Amino acid sequence: MIVEIDNGSGFCPGVTTAIRKAEEELSSADNLYCLGDIVHNGRECDRLKAMGLISVDKDQLDNLHDTKLLLRAHGEPPSTYLQAEQQNIQIIDATCPVVLHLQKRIKADYDADTEHRKQIVIYGKNGHAEVIGLVGQTEGNAIVIENLEDVHKLDFSRDIQLYSQTTKSLEGFRDVVSYIKDHMHEDAVFNYFDTICRQVANRMPRIREFAEEHDVILFVCGKKSSNGKMLFDECCRVNPKSHMIDTVAEIDYRWFEGANSVGICGATSTPKWLMEDCKQAIIQNMSQEEC
């Protein structure tokens, strides 16, 4: 049986940079605070925790003073930077450049419309760290829509400026754009901006091809990853024998009975070393069965 790891899976550049910055800081310090999980993968978070990375939430941030704080790739709203300054916290900013550019575009758009007549709309997941940061650029006034069902929140008689969370589905974004176009009033203006990261968007067709090439798919991903859920759903569409796991311990080797090939892939938050561990576990199990 062939066991292959998808070369296109694994950390995106933004996550890679955030982890590198954390490791660099921890090489000369006993610990480092990070606002939220540095990546939506429990195993990678455990590895960095062992090195001294301490994850804190918004409430715990209130108690930090005179220290360093890493901001992960998802980005943060302006209020976080202001709070850090007030509490003498040195920011190590690992915001993904793609996200940072999007934040600046939304803020400029919002600030330019001094009377705030336009609706700034973000196609994204409510409560997601990146979306919280994007909404923060508009003083909390942006409207978040997760799907077509949410478009009822919009007033089609008013101008609309539509942006997207960088990791959302390109197909879903296009569906939302098409719907809004069809329902806008004649005297209202609709502008939309495809701000989906191509590093992420291009993984969708690749993961589809990879899933089709193998008898069984093992999708390695943290349960909190929205990007992972989207990619796994695509695997399931083309290959019903797709299984999501978070750890090696969750592998059920009965999944591979009668299979000639197993494909291992993951999300933009999945470390390559974890996929390698899964591969080695499958190969080892195969060897034991042969004995």
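Analyst: **Starting at Asp66**

Asp66 is exposed, with a relative accessible area of 59%; exposed means over 50%, buried means under 20%, and partly exposed lies in between, using a 1.4 Å probe and protein chains only. This is a predicted model, in which local features need pLDDT of at least 70 and side-chain atom pairs count only at pLDDT 80 or more, while totals for chains, interfaces and linings use all residues. Residues are numbered from 1 along each chain as its sequence is written, and side-chain values use heavy atoms, with hydrogens and water left out.

Where does Asp66 lie? Asp66 sits in the loop between α3 (58-61) and β4 (68-71). Helices here are DSSP runs of H or I with at least four residues, strands are runs of E with at least two, and numbering starts from the N terminus.

Now for the backbone. Most residues other than glycine have a negative phi. Asp66 is not a glycine, yet its phi is positive, at about 55 degrees. Asn88 also has a positive phi, near 55 degrees, and is a residue other than glycine. You will find Asn88 in the loop between α4 (78-86) and β5 (90-93). With 51% relative accessibility, Asn88 counts as exposed.

Let us step back to the whole chain. The protein chain has 11 helices and 12 strands. Its C-alpha trace spans about 75 × 50 × 25 Å along the principal axes. Of its 291 residues, 51% count as buried. Contact means heavy atoms within 4.5 Å. Among contacts with a separation of 6 or more, 69% join residues 24 or more positions apart.

Next, how do helices pack? Two packed helices are described by the angle between their axes and the distance between the axes. Axes are lines fitted to C-alpha atoms, for helices over the stretch in contact, and angles run from 0 to 180 degrees between N-to-C directions.

Take helix α1 (residues 13-26) and helix α2 (residues 42-51): their axes come within 10 Å and cross at roughly 20 degrees. Therefore α1 and α2 are roughly parallel to each other; angles under 35 degrees count as roughly parallel, over 145 as roughly antiparallel, 65 to 115 as roughly perpendicular and the rest as oblique. The crossing of α1 and α2 is left-handed, a word used when the near helix is turned anticlockwise from the far one by less than a right angle, with right-handed used if clockwise. Ile19, Glu23 and Leu26 of α1 make the contact with Glu44, Arg47, Leu48 and Met51 of α2. The residues of this contact divide into four nonpolar, no polar and three charged. Ala, Val, Leu, Ile, Met, Phe, Trp, Tyr, Cys and Pro count as nonpolar, Asp, Glu, Lys and Arg as charged, and the others, Gly among them, as polar.

Now turn to helix α5 (residues 97-112) and helix α6 (residues 129-136), whose axes come within 8 Å and cross at roughly 30 degrees. That makes α5 roughly parallel to α6. Their crossing is right-handed. From α5, Val99, Leu102, Gln103 and Ile106 meet Glu130, Gly133 and Leu134 of α6. Here the residues divide into four nonpolar, two polar and one charged.

Thr138 is in the loop between α6 and β7 (143-145), and at 1% relative accessibility Thr138 counts as buried. Apart from neighbours within four places in sequence, Thr138 is in contact with Ile106, Tyr110 and Ile120.

Met204 lies in helix α9 (residues 203-213). Met204 is buried, with a relative accessible area of 12%. Neighbours within four places aside, Met204 is in contact with Met230, Leu231 and Glu234.

Finally, the cysteines. How many disulfides does a search of the whole structure find? The search finds zero, where a disulfide is a pair of cysteine sulfur atoms within 2.5 Å. The sulfur of Cys197 has its closest cysteine sulfur in Cys96, 6.0 Å away, too far for a bond. Cys197 counts as buried at 11% relative accessibility. Cys221 is in no disulfide either, and the nearest cysteine sulfur, that of Cys265, is 9.9 Å away. Cys221 also counts as buried, at 0% relative accessibility.
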